[in-house]
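Visitor: Hello! Could you walk me through this protein, one question at a time?

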Amino acid sequence: RPLSRQNAGAGAAPAPALAAAATPGGERRPSIASAQGGAAHSAMACGEFAPGLEVRLKGLVAAPDLNGKTGHLQEYHSDRGRWAVVLPGGAPPKLVRPQNIEAVVAGEARAVALEPSPSLEEFNLSLQPLTPCGVEVLGFNTRKRPPPEVLRELEKAMAKFGFALFRGQGTLTGVEQCVLSEMFGTGQLHSTHGVHMRAPNQHIFRLSNDPDEGFNEVGPEWHHDGASTQNVFGHVVYHVVKAPRCYGETVFAHTGDAYDALPESTREEWERLASVNSNGGMVHPLVFSHPRSGRRSIFLHLGMTGAMLRCDGRPGAKAWEGIDALDEAQIKAIFEVHNRNLDAIAYKHRWREGDVIVMDNLAVAHKDMGSAFQLQHGLRILHRTTV
């Protein structure tokens, strides 16, 4: 069932090609679910409705608290007969039947006033954007849990900038890093990696340029963590325990910026493509809408893609209709374009001891430089946790 849409649970929109897999805590871990989202995005409109229209929710029984709320239409999901509606606040889009939405007339007073976003300055925190992506958070103590509104604002910042950098945090214990990780996304650790004998606990993926200290030569190509699973990681926490004297950088690139940098003709072609992970066969659409920011973005693991598929994009087509496989030359060409594109917009982070980076795994791709695997510049130890 490589291209069938998975069950996303009540009210959660795949957004497009991203579903929300329900978890016991009520949060949702992003799930790549459909390779047809791009075609539906451009082809579908329902009656008076069209993507981008401001609408108001009405007549909802399962979620009556949303009645009267306003948002914007993202796309129509023909397989479920519902519109994806983006609501204020950064939450994943909601799937709503057409009879439960109405267009907001221009100039009409809204029934429910939007709540202003809290200012991080109120909590003695500030954001310092990095170039070309990422943001440094000043004043944050990773050992103390902040109020929920602070965490929401930080997650919105990560979706916008790709990742958040916290400097000067000292050396976190394994437990402290796990507690920090559980503050974000689903709030549940999701560990699919091997456990090195020097790892402080089973949730820490310990990486090092010394094989006696951690796993070496991991992640030299542009990738997203957890691409071999359906429910890819929403957030990833990196903490450097030991930084080399120089080099050993990790590089990040915003996948929304990568999409925007493509020529229009390439965007249209990539909207119909999906990658097949070489470790388990999971299929992920190449282009999707980020569940928090709504930006069209690219998801591709250059080190673990075994095949690529093309959907002809016919409106109303079934998930399995009109699909063909790309040949090796076509895949190589896509890899080259994506690699060159990301390299051109990348932020290279040189680690300092005490650094913590929390990244939105769908907003940025990342890779380690070749020097990260070499010992001559000093020992490098990095702890990774995933949620």
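Guide: Gladly! Let us start with a term: two residues are in contact when they have heavy atoms within 4.5 Å of each other. Please keep in mind that this is a predicted model.

Visitor: Among contacts between residues at least 6 apart in sequence, what share joins residues at least 24 apart?

Guide: Start with the contacts in the protein chain whose partners are at least 6 apart in sequence. Those that join residues at least 24 apart make up 72%.

Visitor: How many helices and strands does the chain have, and what part of its residues is buried?

Guide: The protein chain holds six helices and 23 strands. A residue counts as buried when its relative accessible area is under 20%. Of the 387 residues in the chain, the buried share is 54%.

Visitor: Let us look at one strand. Is S21 mostly covered or mostly open, and which residues lie on each side?

Guide: Strand S21 spans residues 356-360 and is mostly covered, with five of its five residues buried. In a regular strand, side chains alternate between the two faces of the sheet. Both faces of S21 are covered.

Visitor: Which residue of S21 is the bridge partner of alanine 164?

Guide: Strand S10, residues 163-166, pairs with S21 in the antiparallel sense over four bridges. Within S21, alanine 164 has as its bridge partner valine 358.

Visitor: And which residue of S21 is the bridge partner of histidine 239?

Guide: Strand S12, residues 235-242, runs antiparallel to S21 and is joined to it by five bridges. Within S21, histidine 239 has as its bridge partner valine 356.

Visitor: Now for S13: why is this strand said to be largely enclosed by the rest of the structure?

Guide: Look at its faces: Thr250, Phe252 and His254 are buried on one side, and Val251 and Ala253 are buried on the other. S13 is largely enclosed by the rest of the structure because its buried residues number five of five.

Visitor: Which element gives the largest share of the lining of the second largest pocket?

Guide: The second largest pocket has about 470 Å³ of space. It is lined by 24 residues, and the closest to its centre are Phe205, Val218, Asp225, Met304 and Arg384. Strands S11 and S22 are the elements that give two or more residues to this lining. The largest share, three residues, comes from S22.

Visitor: What is the volume of the largest cavity?

Guide: Two cavities of 30 Å³ or more are counted. Residues lining the largest cavity include Leu207, Phe215, Val218 and Arg380, and this lining divides into five nonpolar, two polar and three charged. The volume of the largest cavity is about 40 Å³.

Visitor: How many charged residues line the second largest cavity?

Guide: The second largest cavity has about 30 Å³ of space, and Ser275, His284, Leu300 and Met304 are among the residues that line it. The lining has four nonpolar residues and five polar ones, while the charged residues number none.

Key
Residues are numbered from 1 along each chain as its sequence is written. This is a predicted model: local features need pLDDT of at least 70, side-chain atom pairs count only at pLDDT 80 or more; totals for chains, interfaces and linings use all residues. Side-chain values use heavy atoms; hydrogens and water are left out. Buried means under 20% relative accessible area, exposed over 50%, partly exposed in between (1.4 Å probe, protein chains only). Two strands pair if DSSP finds at least two bridges between them. On a 1 Å grid over the protein atoms alone, a cavity is a set of points where a 1.4 Å probe fits but cannot get out, and a pocket is an open set with protein on both sides within 12 Å along at least five of seven lines; lining residues have an atom within 4 Å of a point. Grid points are joined across faces, edges and corners, and a volume is the space filled by probe spheres set on the points. Ala, Val, Leu, Ile, Met, Phe, Trp, Tyr, Cys and Pro count as nonpolar, Asp, Glu, Lys and Arg as charged, and the others, Gly among them, as polar.
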